[in-house]
Every structure is written in C-alpha cells, then in structure tokens.
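This report describes a protein complex for a reader who works with its coordinates. The sequence and structure are shown first, and the account of the interface, the confidence values and selected local features follows.

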Amino acid sequence: MVGYKAKAKNQKEFNMNPIKIEVCCGTTCYMLGGAKLLNLEQQIPEAWKPYIDLCAIPCRQYCESNSSLGSAPFIIIDGQVYGNATEELVSEIVSEKLRQGGITLEGGAE
Amino acid sequence: MINGAERMRREMLIRVVRDFMCEPLESCQVQAENCAQQEQLANLTHSADTLTSSSAGLLPQTIDRIPLDIRPKESAPSRCCIYHDRAVIKYGLHAMMGFDYHDETDELAPLSGYLQNVLQSDTLPDVPLTVCEAGCNGCPDSRIHVTSNCQGCFARPCTFSCPKQAITVINQRATVDYSKCIKCGKCIQVCPFNAIVKTTVPCEEACPVGAIHKNEKGVAEIDFTKCIFCGKCFSKCPFGAVMERSHLLKVLSAIKKGKNVVAMIAPSAQPQFPGGLEKLFSAVIKAGFSSVMEVALGAEMTTQHEAKEFVEKMSEGQKLMTTSCCPAYVQLVKKHLPSFQQYVSTTPSPMKYAGQIVKEKEPNAVTVFIGPCIAKRYEAISADNIDFVLTFEELGAILAGMKIDVMSQEPAQLERPAVATARNFMKSCGVTDAVLNELAAEVKNPDDKEGFKLKTEFIDGIDKKTVPKLKMFAGPKSNVNFLEVMACCGGCINGPCSLVK
C-alpha cells in the first residue's frame, strides 16, 4: 500500500463523506489474520487519511453466523461487511471508492 | 500475515474449544442462529453417553465432524482434493489430543473414541512433536537445478565459480554433475540470468541440528535423540505436516472440573494480544482459570540467581557462563555439545521459578505455563512444579472459542507488576540486560567486578552454525564471559507458537 499518491483533482469539488472503515478486533478475527489489520492506520498512505475514518470495533459475531459473509477476519467499509479481509482488499475497495468520489490516484496504484 | 497451514490449525483449535466448553442445553439459547443444528446435537448428546457429554461438552459428538466442517463439500481444496485436506485435519486433531501419528492402529476408529481415552488417562505426551505422514509432501531432495532460463552464455561464470568443477556446458546448457556437486550455491549467485535454483526440503533446511530427515518411505521423520524441540520444522513446513502434541484438552478438562487452574503467562504475551497484559489477564480469568500470574516474576528470581551464580563462577576462575532460560538451547548443549555443559548456568528458568511460587502458595493448584514455545513442553516434563503447557495459539483459541473479547475487558489489577527488565526476557539481549542491571546494583564499582572484566555476547537464533560458534566461545581465543543464547531469532516474541511474529 505504500507508494500511493492520492491527489484530489480539485479539493473544493470533493464533497463525499469520509469512508468509514471498521476493523473487527474480536479474538477470532485477531487469531485468523486480523492482528495486522489493527495496524492499518500506520499503513494507509498519508494522502488518503483525510478521506478515511478508521475505528476498531468489538466482535459482532459475524464469525459465528454461517452466512455468505466469508470467514474471519472481518472488516466493515461504509456498512458493507467483508470477510477474509486483507490489507490488499481494503486498499482495493478504498481506491475504488476514492475514484468514484472524484479523487484520482497517482503513482501506479491501479 | 498468517499462512494457510496456520489458519487451518487455528480454525481447528477454535472449533475444538467452542464445542468442548459449551453446555449442550445452554448453547441452544446462546446461539440462536445455529439453533436447529445445535438442538439436533443436543438431542444426540442426551441419548449418547451422558457422562462424557457433560465433561466434554458437545465435542464427543462433533469432533468427527470438524474436518468436514472446515473443508465442506463444495469448498476449494488446499491439497489435491478436500478428502486429503480432511485427512490432514483429522490427524491435526489427533495431535491436538496428544497422540503421535503412529498411535493410530485402526484407521476406522472415530476421533471421539480417542477423545474418551485421552480424557480418562493421566499420561502426557513424551515428546511435543509428531510428523503426520498423510500431510507430509515428501518434498523432492534438495539439489541444484539448472532451469530453462539458462542461455548457455559465453562467459559461463557458473563453471568457473564451482569449487568442485561440477558444472559443464553441454548443448548450450549448463549441466550439473550430481556426483561432484556439494550444493554450495556459488553458481546461483553468479548466474547473470538467475537460471540456477536450489530446491530445498523446508524442514531439513530449517532444522539446526539435522534431526529431521526423509525416511525410506520418502516422508519426514524426526530423530528424537537429536531433536532439540526448537519448533523450526513446525513453523517452516508449508504443508503443516509437523504437528504439536498438545495438552489443550487436559487443561480444558481441568477447568471444566472446577479445579484450581493457575495460568502462568510468559513475558512474551504482551505484544501477542490486543489491549495489553492487564486486559489479557481479565480475559484469562473469564475463561475459567482461577488465577493468573506473570512468569516475569519468576524471571526476576532467575535474574538474581543468575547474577549471583555469575559472580561466583567468575571468582572461581571459570572463563564463561551462558544463560539457561531457553529450553531449546539447553537441549542443544545436552544432545550436541556435552562438553559445553559446564558453562551453562544451573539457575532454573523463569517458568520453573514461577511454578515454584504458585505451588508454595497453593499446593493443590494445577499450574499451566502459557508461552510461545514448543521446547517448554519438553522442559515441563521434568519440572515438578509445572503440570501443563499451552501455547499462545491455544490460549487465543480458548478465548476465541469461548467468545471472550480481549479488547473489551476491564484491565485486571495486578498484585505487583514485574519489573521492566524481567518483562524484557522475551527479547534477545533481555536476559543479558537484566543480569547486567542486577550486577550493577550488586557491585558498586562497575570496573572492578571482583577481578574480572565483563564481556557479553549473544546468539540470536540457533541455526546450523551455532554448535561451531559455541565451540569458538569455549576456545582460548574468546574473551567473552557472559553469553546469552536464544533459539528463536529476536527472542521468545518470535517463538514458533506466537500469534503475531
């Protein structure tokens, strides 16, 4: 994820709500690979930070429901739950959302 | 990031704990979503042997289903097919119950039968590792291999760099004469096309003492007369074929019976769980342990005794003393360099002191050491004050399986927090620092420590070169007199069974 350069075409045009990223820090998520996601703050590029609202949430039992959500670790981005979350997945979703919001990325991210 | 083998193992452990600890009737109310399935199982429980079901929760009914649950019919297999995956998970459960791969005599015997045996017996596994033959890939022998990237160049640095003249160029392609090749890898470094590779057997490559080898059937086998239980094969095998023979069920069973189970948590726990030690301690109490203690308190005693022993030994004229808290290193000296034994400190490890503190206070306590280490399991067999050993992975599984969120716990009040130097035993150099600190406090003038000049050194991670290195430290040219040895690179925090590396 390092090496991205996000740049708003025109800062005034940007009027989307910040992207809300919630990282589950329940023990199951933590054990099955979520430990690294908790450090997401240090890993997202500086330029993204104004557009991102990152927080850790306690277990919401996604890991226990046998639904199609996938398996731990879970991450919730703008209310949408993603299973088998990785840093790459977060990076992909966020850059897509930023693009839709009119923010172009430079530096070979896409 | 965790890898697939770790993930499968952890998923298995979480399921085991969840089913073991749940009460058949309560579980229906708690898990509304899974109600239909749970009810079915609860009915089964009542019709089945009620004695086992009450002491082992739903596990006797579900254990044979775990491989199927982890690899259901339509899922993508990791190996050739889901059936192979399931077989490996089955033997993983075997090892989790404490069995050796070769303990299985009848392949049709269900896991629930083994579960019953293990709950009724009092014996613990004699060695902490086993190799699952069904899981072992029988990786191709380690050798130097010239790939099709070879361009048959004019310079041919490979032929010139080879110390044994094992490479010749035939038909525009470098060819290795395996009767001469010593696998030194010099050709790999010089090839301008990166055309030469070395295939390796990961477990053999990782083992610092040559204790794991492929047998005549082509599957890996551990020679326990050589093994030092460092766990490097366990973490390096990409097929997850090296398995731990665990004490998990014994501990869970003791908790369920309401015994006075005391968790003794190694200093390296601190970076392993979110929220810090105090929250972790609350979570451990919630999981049913009657009390928690920091092994760092034992480390304080180790520091004091080791500093004292060091001063004594130096004044007796001994040239070198090494630490003794890493059990894999202790085994290394015992099995591979007995002449070095005289230099190893005789001070007991922090775990042993911690066990002693607990048992002195509460003689009936069941002491459980929880750490990142496989060799500790072996050390505990000969330690009187340690009943069981769990790993951080298993502790994580206990918390996850019992749905205990570490982050949302109230921080526990510690009776007396251990000093920082003792907590630092988890890192390489931590022991040295603690002992030096102690020495500085004891001896007023640091330049005159009863006639000897302090020179410290440390070995960070045991590898194939460690034994010759140790010999060098014992030799006449070395002026080092305090040596710290840690089997894992970086210290215990990078132990084979740690959650976060």
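## Interface of chains A and B

In this predicted model, 23 residues of chain A are in contact with 25 residues of chain B, contact meaning heavy atoms within 4.5 Å. The two chains bury about 1,800 Å² between them, with 61% of that area on carbon and sulfur atoms; buried area is the accessible area (1.4 Å probe) that two parts lose on being put together, summed over both. Helix H1 (residues 27-34) of chain A supplies 6 residues, the largest share of the side of chain A that touches chain B. Helices (H or I, at least four residues) and strands (E, at least two) are DSSP runs, numbered from the N terminus.

Across this interface the rule finds 0 salt bridges, a salt bridge being a side-chain nitrogen of Lys or Arg within 4 Å of a carboxyl oxygen of Asp or Glu. It does find 7 residue pairs in polar contact, both residues at pLDDT 80 or more. A polar contact is a pair of N or O atoms within 3.5 Å; within protein, one must be able to donate a hydrogen and the other to accept it, and residues adjacent in sequence count only if both atoms are side-chain atoms. By class, the side of chain A that touches chain B has 11 nonpolar, 9 polar and 3 charged residues. Here Ala, Val, Leu, Ile, Met, Phe, Trp, Tyr, Cys and Pro count as nonpolar, Asp, Glu, Lys and Arg as charged, and the others, Gly among them, as polar.

## Confidence and conventions

The predictor assigns the complex an ipTM of 0.77 and a pTM of 0.86. Chain B has an average pLDDT (the predictor's confidence in each residue, from 0 to 100) of 88, and 91% of the residues score at least 70. The pLDDT is below 50 over residues 26-33 of chain B, a stretch with 12 contacts in the model beyond near neighbours in sequence. Residues 45-53 of chain B also have a pLDDT below 50, and this stretch has 12 such contacts. Where pLDDT is low, the predicted coordinates should not be read in detail.

Residues are numbered from 1 along each chain as its sequence is written, and chains are lettered from A and ligands numbered from 1 in the order in which they are written. Local features need pLDDT of at least 70, side-chain atom pairs count only at pLDDT 80 or more, and totals for chains, interfaces and linings use all residues, while side-chain values use heavy atoms, with hydrogens and water left out.

## A parallel sheet and its approach in chain B

An open sheet of 3 strands in chain B has the order S11-S15-S14, with parallel pairing; two strands pair if DSSP finds at least two bridges between them. Strands S11 (321-322) and S14 (456-460) of chain B each have a single partner strand, so one side of each is left without a neighbour in the sheet. S11(B) is joined by 2 bridges to strand S15 (residues 482-486) of chain B, where Phe482(B) is the bridge partner of Met321(B).

Gln318(B) lies in the loop between helix H15 (296-315) and S11 of chain B. Its side chain reaches the backbone oxygen of Leu320(B) at 2.6 Å, and a polar atom of that side chain lies 3.4 Å from the backbone oxygen of Gln342(B).

## Backbone features of chain A

A cis peptide bond, with omega about 0°, joins Ala72(A) and Pro73(A). Asn84(A), not a glycine, has a positive phi of about 45°.
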